[in-house]
Amino acid sequence: MPHFTVVPVRDRAQSGYDSLEGINSVDHGDGGPPDNQDTVSSDGHGNHKEDHPFLNSPDEKKKDFYDRNLALFEEELDIRPKVSSLLSRLVSYTNITQGAKEHEEEESAEASRRKTPKSPNMGTLMGVYLPCLQNIFGVILFLRLTWIVGVAGIMQSLLIVVMCCTCTMLTAISMSAIATNGVVPAGGAYFMISRSLGPEFGGAVGLCFYLGTTFASAMYILGAIEIFLQYLVPQAAIFHAADHHGTDSAMLNNMRVYGTICLSLMAVVVFVGVKYVNKLASLFLACVIISIVSIYAGAIKSVSHPPEFPICMLGNRTLVRDRFDVCAKTVIIGNVTASSQLWDMFCLPGNASNAQCDDYFLQNNVTEIQGIPGLASGIFKDNLWGDYLQKGEILEKDGLASVDSHSTMEHFGMYVSADIATSFMLLVGIFFPSATGIMAGSNRSGDLRDAQKSIPIGTILAITTTTLVYLTSVILFGACVEGVVLRDKFGDAVRNNLVVGTLSWPSPWVIVIGSFFSTVGAGLQTLTGAPRLLQAIATDNIIPFLRVFGHGKANGEPTWALLLTVLIAELGILIASLDMVAPILSMFFLMCYLFVNLACAVQTLLRTPNWRPRFRYYHWTLSFLGMSMCLALMFISSWYYAIVAMGIAGMIYKYIEYQGAEKEWGDGIRGLSLSAARYALLRLEVGPPHTKNWRPQLLVLSKLDEDLHIKYPRLLTFASQLKAGKGLTIVGSVIQGNFLESYGELQAAEQTIKNMMDIERVKGFCQVVVASKVREGIVHLIQSCGLGGMKHNTVMMGWPYGWRQSEDPRAWKTFINTVRCTTAAHLALMVPKNVSFYPSNHERFADGSIDVWWIVHDGGMLMLLPFLLKQHKVWRKCRMRIFTVAQMDDNSIQMKKDLATFLYQLRIEAEVEVVEMHDSDISAYTYERTLMMEQRSQMLRQMRLSGAERKREAQLIKDRHSLVRMGSLYSDEEEDTLDSPLPENVHMTWTKEKCEAERRIRNNAPENFRELMSLKPDQSNVRRMHTAVKLNEVIVNRSHDARLVLLNMPGPPRDTDGDENYMEFLEVLTEGLERVLLVRGGGREVITIYS
């Protein structure tokens, strides 16, 4: 009766799981670590790593491993978590909070003591809509929109607004699609572009977006200083003009001084604490809203009670109103008529009857018209079309009587004139910054309760609102304000009042003060955001020289980035002109928006599996339309600024590409490259390449040592010199063993080969296979490497050094088998002999020659290879010599002429020489060498071990080495007879017949030796040896000092019994030569004389 042992199943499972690596009996009670919170971190190389909820962490709770219902999957629960565990981790998954909010919490002592992060709770209104409004509305609305309407007219102003706002709306649609396709961490637009188009595009456009934001801060500061010096405190001006010619330069110098002071104060505020800036954001937004509401209120009030802002006209010319008190030539003081201040300005002192006055002043009347006629005045028709001005042109009103007359230049300062030449393109560049700021919502995605819902709705609503405000403002300005007042940029005609302020209600000061605080607030916001954008780019580590800007204060404040931002903003301050700075930042913002549209279009067209945005109302045609509009607006506003901006982005792109940004962000450019590669491969499948397009596509068979290092790296060096980065290069190797057990070695070998390829500058791919026999692995590589039309047509392998001294015949057998396989596959073959003597990439041959010994025509490989080598700097100065062999019945003189003509038609420069080989008797040396070769082969055959001894030898080898061994290409392969695994112990059974056979073998040894000594060599072997010896003598005589000798490689014998003799022939053929390249064609022409 059998005995049974009862084993508790639970105990066995428990002990089994306790033995698992990483699972320890640790009590996670109250004192244990808290539950994991998923965060986004960085690996130090710029790649964002997430403690992703889809992957199980090492410290997963032990109860996951003990679920009895999942016993079938218990071995994989450490890498494939249960669905319940996945869902619980997804629920608790939160993204890192964005913007300055986390810095405020770190600065607060209370926030630093919190153990759980505050969950995002901002909705669409507070999180996206209002921040976008604050960023879109800005200085252009208050300081330049009235001027744009006056110069361009209502119709063209509406066209400008529609163009710019349509561009931003299409960009917002594309941005909404990208922003709702997953979580957008810090960086906003930069993150979206870089993760969609790759690090090169991301870095280039990210820096352009940073420069645009930095120049925006300069523009806001210049706007605030303009309001301060022109409308708030004009007395604060430091520089004053001596005459009207110096007015502009004095104003620019005042802007520079006060702008630098303001920038410094703002930088101190941002450095001290960002939380103060964020707390004042609501106040600044309130100022903007109140100012806009006051404009609408004033426009409505102007229907019945237009504000009193008279303008003084001399003829049809507009006069600067603050230069005089009464708009008249004479005034009545008591009962006496006296000259006015205006008279004194235009006339020399004296009696009114005979005074010397300006001719235009005498012939034209002084009139006063209403500057703000109001909505009901019908001025809308007069302002419908534009009136573009040249620099210095006086503002004139059509319809007023005027007598043309000469006016002296000394009175030019009395008139209101244009400070710059205007055009439609200029106005587009100046207005576009007022449509930017649409990225504010995406930058705050971490603070939103539902970012994928709030970002599209809030951004599109904000753009719609601002577009309606701009359109209605254009119409209201054109319908309420006199045209010459609209064209008066600085309000000189209305006593230096802000033009938009003249329309506002209840007072112009509402607009002046509101616009001042709104521009200051916008400047602080951009000065806060720009350093963080630069810090995000620096943290990604794609631009090496920006790494220092990724560091900051202990709480994460980007101190160094803030310093650089201030320095760049100072450049904009030194320009000192709002009208010149605005087009600069327009370029950078337009380029950023262009690539946002491109990113959406690329992702949509590629249909990548991960492209699943929640925002559905997008289409690739809209993205391409937005991209086209961005490009058009860039060149419309300023073609030279556009070229400069694109040049900067291009240089940054090439710099990142040159530095090698090894980031894998799943970007669309990778998908685009894949689609392009697929298309190209399908095109290549149409047929084989034409002879004109043929170049060696290499499969380099490399040998690895025991440490998985390439044994002969000069093989890769020579491949790189031959290819020079063109075409296909595959470096292949074979690991002997079992794939399941050797996968780790395979990955290590691939990494080693890739590193060596980088060192030797080999542009290509590596392929490592695991096979039970090295010979089989090589055959697999020859058959399966490459894809479609991108397959290798040439195999390069090393020479089996030391094959004569080795008792193991597998080394040269593998070599010959590879030669046969390449021939069967119609592939060309190159065997560099003495490859360790080949030059490195750092060497230069100042002289010498590359000698080609053209024995038989083999497709023209011997002609093509030296030409390709001479393209590389190592071989460039070597001259090319071609030798061919003439027999007794050949005309060597005619052969030389024909060969020279052939080379001329091939466009190859080379020296030609024909070597005559006379028939001669076989020398005793040749006979003796052949005899020694055959005796050695016979001896090795007789010394082969018996079957039993081979098994014992195999057992010793197995005991001495590990089961998984590194295979070399030519020496470590197992014999064909060792296919099946050997038993641990070999039991030998001796029968009488086996014993007698063993005794006969031992007794016949002397007889075998006598046969060996009386052996006569085979005549065919003697003839082959004779050819090898004679050719070697000629080659050594002519090419002993050549830098490289290229030689036709004879084919292996059809009978495998002569394989060892074939190796001896090759050795004799190449004796005495330092560098030899044996070449064997693939059976097709590779060079042609035709164009």
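Axes are lines fitted to C-alpha atoms, for helices over the stretch in contact, and angles run from 0 to 180 degrees between N-to-C directions. This is a predicted model, in which local features need pLDDT of at least 70, side-chain atom pairs count only at pLDDT 80 or more, and totals for chains, interfaces and linings use all residues. Residues are numbered from 1 along each chain as its sequence is written, and side-chain values use heavy atoms, without hydrogens and water.

Q: How is helix 7 oriented to helix 22?
A: Helix 7 (residues 145-179) and helix 22 (residues 620-637), both DSSP runs of H or I with at least four residues, have axes 9 Å apart at an angle of about 140°. Angles under 35 degrees count as roughly parallel, over 145 as roughly antiparallel and 65 to 115 as roughly perpendicular, so helix 7 is oblique to helix 22.

Q: How many residues in the contact of helix 7 with helix 22 are charged?
A: The contact (heavy atoms within 4.5 Å) includes M163 and L170 of helix 7 and L622 and M629 of helix 22. Its residues divide into 10 nonpolar and five polar, and the number of charged ones (Asp, Glu, Lys and Arg) is none.

Q: Which residue is the bridge partner of V885 in strand 15?
A: Strand 14 (residues 879-886) pairs with strand 15 (residues 911-916) in the parallel sense over six bridges, where DSSP pairing takes at least two. T884 stands opposite V914. The bridge partner of V885 is V915.

Q: Which are the edge strands of the open sheet of 10 strands?
A: Its order is 10-9-8-11-12-17-16-13-14-15, with mixed pairing. Pairing on one side only are strand 10 (765-771) and strand 15.
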